[in-house]
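My notes are below, in the order I looked things up.

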Amino acid sequence: MRIFTGITCNHHLMNRLLLSLFLFSFLTSRGQLYDLRTGHLTTPLGIDSPQPRLSWKQKDERQGAGQKAYQVWLGKDSLAVATGKAGSTGKMNASDNLITYTGENLQPYTRYFWKVAVWDNHGGKVASAVTSFETGLMQVSNWKGEWISDGTDIRLKPAPYFRHSFETGKKIRSARAYVAAGGLFELYINGTKIGDHVLDPNYTRFDRRILYVTHDVTPELKAGRNAIGILLGNGWYNHQSTAVWYFDRAPWRNRPAFCMDLRITYEDGSVETISSGRSWKTALSPVIFNSIYTAEHYDARREISGWNRPDFDDSRWKNSTLRSAPSQNIVAQAMKPVRAVEEIPVKSLNKISDTVCVFDLGRNISGVSRITLSGPEGTVIRLKHAERLYENGRPDMSNIDAHYRPTDDTDPFQTDIFILKGEGTESFMPRFNYKGFQYVEVTASRPVQLNSASLKGYFIHSDVEPTGRITSSDETLNRIWWATNNSYLSNLVGYPTDCPQREKNGWTGDAHIASETGLYNFDGITVYEKWLADHRDEQQPNGVLPSIIPTGGWGYEWGNGPDWTSTIAIIPWNLYLFYGDKKPLQDNYENIRRYVDHIAELYPSGLTSWGLGDWIPVKSKAPVELTSTAYYYTDTRILAQAAKLLGRDADHRKYSALAEKIREAFNEKYLHREAGLYGSGLQTELAVPLFWGLVPEELRQKVADNLAQREKADGMQIDVGLLGTKALLQALSDNGHEDAAYALASRKTFPSWGWWIANGATTLYENWPIDAKSDISMNHIMFGEIGAWLFKAPGGIKPDPARPGFRNVILEPRFMTGLDSFSAEHDGPYGTIRSAWEKNAQGITWRVTVPANATATVRLPQINDRKWYKDGVEVKGNEIQIPSGMYVFKNN
């Protein structure tokens, strides 16, 4: 008989195949443990945490499947862990799938193995495969290397090479390279570039915290002579470009420097460490200029063949210069790295002349371009990167270079310079820079042959795994979701930013507005935890935070009120909601408290006017005091909730009372109780109190109804800015006006997200009019809350603060008029949550998946007089609780 085309089998083979398929299906339905992580990372190298967090997921398709108990084994011997002979937690009668290691002290430079077994609520037991993590130096005192550079001249433009050769006489078991840098680095072993990260290490406040990166270099080492090569870039450490934020005057600024330990473990158990020091050789590289902010210049005529190989003669190179460490706080870069994640081909090519071509990638990205061509020695290639074109087809930089303050013409904005050496086909791609662009104008000093294959774009961002998926019957919504994600990723390059071209600044307001969008769609906790550490570094003793983080000093005097710097409270809280992880709240608790206390000291009435307000509104702006006080209230409420979670009862009482005082003062001034209006009834004035929970419960529906009426009075178009967009759609959807919210979200005329899409946008913009004269970056995430709203409203997927991390999922989709079908999926800490519905002639069919070990609260709206059925059985009431599993709800 035939079971697949072209495959025949006898009955015995068929029986064995059917048995195998049955066993696979049986085991899958019975449960598997997967996605084991340490510190929210998969098999990380070089972590410093003495008490790492361990987590896992359970795959079990049976309805009601859950974990009743678990046991974790951890040790240095993988076989002992696999056979259950290592140290363990013992059997813990709990459903937790995120725990903190509290066993024996972890040792540096050590690989630890662990596994978990789970007892399910059906009486079964399943064990995971063995996974691992490896500790790094763990303490700054364990560093053996010296900090070295090629000098201290911050004006010297060419990037420095460093090299060191050494002998290995024994068989190598493993080797790890630990590299800390002020600036950026590329590491080479025996001529091979190590790793696929870019822009390492991530940007920090260098005089307060330096990150180091760990690489496994075992495969690259060989018996006998070996060579280490390092190329250093400026990054944010030595900012040679000049702009309004004065990073060229940063207190940490210096010529790039690094420290490296190469720790080699031999098969006989002995250890040798090759460390950076004065004897390492240095010379200038062909990277003749590099700026993280503007561009990179490369002179191929200065290339030094074999500079990073063992047989290179470095006798003409000079010795390195010893330097002090930029900071004594050197910690592991325990986060998802930045990578060139996606290669993007050219969509079209416009040949202006025999020396000028304009390449169009067809979409806006953060990243770099790579050009491949040939030409005579000394030919100068200039690659100008822009988001838009003039009518004549040439790049228009006017929307992104407004804050650049060049002192001469040697550092053109977003313009790479490549000088050919004239030896056949040559390629150039920047190492220490990224840009925001769609178009690349290539100008050659002599005629060269170019075609559409000559250039490629590379989308560079933190390589966070996608965790969310949206599809719907409305193509505009689908494209808005895609464009929102493009902007989110374009503004996540080791830390959240506002835009990847004009600023690259860690604007706090943009980041907290977009944090839910990011967390529904991407696994970003490690990037946010790093950025919260940046907050702790930047916070002043009195609690004040700057508006951009990190900063060289700018931002403490402007733009840093609670409407922006609420990041210190909102992001840890959102991480708790999405991951069920208290650690971000624990780590930042004192910082939140100092921040709230400072505002309370400055504004004892409970009302604060400190802030920027509803930035870039369509036309109407709410009072700054209204929006800033709403965020002050939110921060205080988060602080009170965090105090309760962390067992700080006195603080819980204190800040609960303060939150209520703020709420009363807010409503006393702005709420017109009889009318159900706030302020003058602007969209932001009504939406913000609804969204952040300031409206008295008995007036909530009245205020929401007034918001919907205001939308109609405004012609069913948005009239909000940054803070209003965070609140508007959800304030309508949560209060019976989902059709109005959908009308705004799907609108295709000005002003709207759909208007941008209709005009060719592949990212979100900074301003509603696409022809605005200022504030018109074409890759901004500040209006990106719509990406979260798609999950929360039509998708109906929300975390439950009482059982966070989607341990209990709130499922309450909004079935909107005009939207025929919608599907949302989110990969949470327990697995994939799915909410997918479609309308038909009989009514609505809604399919739901709740992952194993989780539950869901299902809230069903009353639609006319039709009844709801779950798997064919009538549902009594509008709210039910369901265990894990797959369900079909019908309304007919």
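What follows are my entries on this model, which is predicted.

**Entry 1: the second largest pocket**

I started with the second largest pocket, whose volume comes to about 890 Å³. I counted 29 residues in its lining, and Leu577, Arg637, Phe691, Asp734 and Pro801 are the ones nearest the centre. Next I looked up which elements supply two or more lining residues: α4 (508-521), α7 (567-579), α9 (624-645), α11 (683-691), α13 (722-733) and β39 (797-799). By residue type, the lining splits into 12 nonpolar, 6 polar and 11 charged.

**Entry 2: an open sheet**

I then traced a sheet of 6 strands, which is open and runs β15-β14-β17-β12-β20-β23 with antiparallel pairing. Which strands stand at the edges? They are β15 (192-193) and β23 (318-319); each has a single partner strand, so one side of each has no neighbour in the sheet. I zoomed in on one end, where β14 (residues 184-189) is joined to β15 by 2 bridges, antiparallel. Tyrosine 188 has lysine 193 of β15 as its bridge partner.

**Entry 3: the nonpolar cores**

The largest nonpolar core holds 209 residues, and Ile371, Leu811 and Phe889 have the most contacts inside it. I picked leucine 811 and listed its contacts, leaving out neighbours within four places in sequence: Gly796, Ile797, Ile833, Trp846, Val848, Val850, Ala856, Thr857, Val858 and Arg859. There is also a second, separate core of 25 residues, with Phe162, Ala177, Leu262 and Ile264 among them.

**Entry 4: glutamine 240**

Glutamine 240 sits in the loop between β17 (224-233) and β18 (257-266). Is glutamine 240 buried or exposed? Its relative accessible area is 16%, so glutamine 240 counts as buried, the cut-off being under 20%. I checked what glutamine 240 touches, not counting residues up to four places away in sequence, and found Ile154, Arg155, Leu156, Lys157, Asn234, Arg253, Phe289 and Asn290. I also looked up serine 291: its C-alpha is 6.6 Å from that of glutamine 240, although 51 residues separate the two in sequence.

**Entry 5**

A hairpin of 5 residues connects β21 to β22. The bridge partner of asparagine 290 in β22 is glutamate 296.

How values were computed: Residues numbered from 1 in each chain as written. Predicted model: local features only at pLDDT ≥ 70, side-chain atom pairs only at ≥ 80, totals over all residues. Heavy atoms only, no water. 1 Å grid on protein atoms, 1.4 Å probe; cavity = no way out; pocket = protein on both sides within 12 Å on 5 of 7 lines; lining within 4 Å. Points joined across faces, edges and corners; volume = space filled by probe spheres on them. Helix = DSSP H or I, 4+ residues; strand = E, 2+ residues; numbered from the N terminus. Nonpolar A, V, L, I, M, F, W, Y, C, P; charged D, E, K, R; others polar. Pairing = 2+ DSSP bridges. Core = buried A, V, L, I, M, F, W, Y, C linked by side-chain atoms within 4.5 Å. Buried < 20%, exposed > 50% of the residue type's maximum accessible area, 1.4 Å probe, protein only. Contact = heavy atoms within 4.5 Å.
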